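Thanks for coming. I will walk through one model, starting from its secondary structure. Please have a look at it first.

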Amino acid sequence: MADRVYEDIKYLLSLEGSVLLKIDPYRVDEEDGAIVVTCADGRYFSDIFMHHDRIQQSCRENPLIHPLSRHGGALLLAPNSPLVREGSTAQEDLFAEIVEAMDWIKIRKIVLSAHYRCGKASSCRVDAAQTIQLLFAAKKSVKTRLASHDPVVSCYFHIDFGPDYKELGKKRQVLSYYADREGWERQQIQA
Ligand SMILES: [Zn+2]
């Protein structure tokens, strides 16, 4: 495992239980569907989509999952995100699409999703710690900028532990977590 990846994984493991929480399989909070802002990375998209499908199977007759997928996903929504190229309108376009979806389909629930070993993030030299930081900055920005639409925002984080995942004590190579902003803020204060 490369040193950089090792440091990133070590950092992410340190967040388990405080910031990165196990997902409650009985969590029922997508009764009215969800707008899912996710990276377009095809290696993980199916897993992310099916996760929300399972949540909604327990609270809706038919799933209503509205994916807005772009390289980098929710990380594009953070103010001054390094994933947004200078002169690009990617951030504004994504915000506009979220508002359109909220208006058209009457969904208040917005899921902001990010993942580790994101090609877009690493091509912009964003490490795991910055990825988490950008995800929560995106949440704050969505709540502030879309306040008039009264959004309900949740963050999810997906980690690819790599082929040596068993050595890290993991049962699967890719795991999904609920990312808790309050837990992260508490940790920042303590640090
Ligand atoms: Zn990605």
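A helix here is a DSSP run of H or I with at least four residues, a strand is a DSSP run of E with at least two, and both are numbered from the N terminus. The model is predicted, so local features need pLDDT of at least 70, side-chain atom pairs count only at pLDDT 80 or more, and totals for chains, interfaces and linings use all residues. Residues are numbered from 1 along each chain as its sequence is written.

Let me begin with a loop. Pro82 sits in the loop between S3 and H3. Is Pro82 buried, exposed or partly exposed? For that we count C-beta atoms, placed from the backbone: a residue is buried if 20 or more others lie within 10 Å of its own, exposed if 12 or fewer, and partly exposed in between. Pro82 has 14 C-beta neighbours inside 10 Å, so it counts as partly exposed. Contact is a separate test: two residues are in contact if their C-beta atoms, again placed from the backbone, lie within 7 Å. Leaving aside neighbours within four places in sequence, Pro82 is in contact with Cys124 and Val126.

Now the sheet. Two strands pair if DSSP finds at least two bridges between them. There are 6 strands in an open sheet, ordered S1-S6-S5-S4-S2-S3, with mixed pairing. The edges are strand S1 (20-21) and strand S3 (65-70); each has a single partner strand, so one side of each has no neighbour in the sheet.

Take strand S2, residues 34-39. S2 pairs with strand S4 (residues 109-116) in the parallel sense, over 3 bridges. Within that pairing, Val37 has Leu112 of S4 as its bridge partner. Two helices pack on the sheet. For their angles, axes are lines fitted to C-alpha atoms, over the stretch in contact for helices, and angles run from 0 to 180 degrees between N-to-C directions. Helix H3 (residues 90-105) touches S2, S3 and S4, and its direction makes about 170 degrees with that of S3. Helix H5 (residues 128-145) touches S4, strand S5 (152-160) and strand S6 (174-179), at about 170 degrees to the direction of S4.

S2 also pairs with S3 in the parallel sense, over 6 bridges. There, Ile35 stands opposite His66 in S3. How many residues of S2 are buried? The count is 6 of its 6, and S2 is mostly covered.

Next, helix H2. S2, helix H2 (residues 42-57) and S3 make a right-handed β-α-β unit; right-handed means that, with the strands pointing away from the viewer, the path from the first strand over the helix to the second runs clockwise. The buried residues of H2 are Tyr44, Ile48, His52, Ile55 and Gln56. Seen down the axis of H2, they fall within an arc of 115 degrees, so they line one face of the helix; the arc is that of the directions from the helix axis to the C-beta atoms. What covers them includes S2, S3, S4, S5 and S6. On the other side of H2, the exposed residues are Gly42, Arg43, Ser46, Met50, Arg54 and Gln57.

Last, the start of the chain. Ala2 lies in the segment before helix H1 (3-14). Ala2 counts as exposed because it has 8 C-beta neighbours inside 10 Å. From Ala2 to Asp29 is 27 residues in sequence and 39 Å in space, C-alpha to C-alpha.
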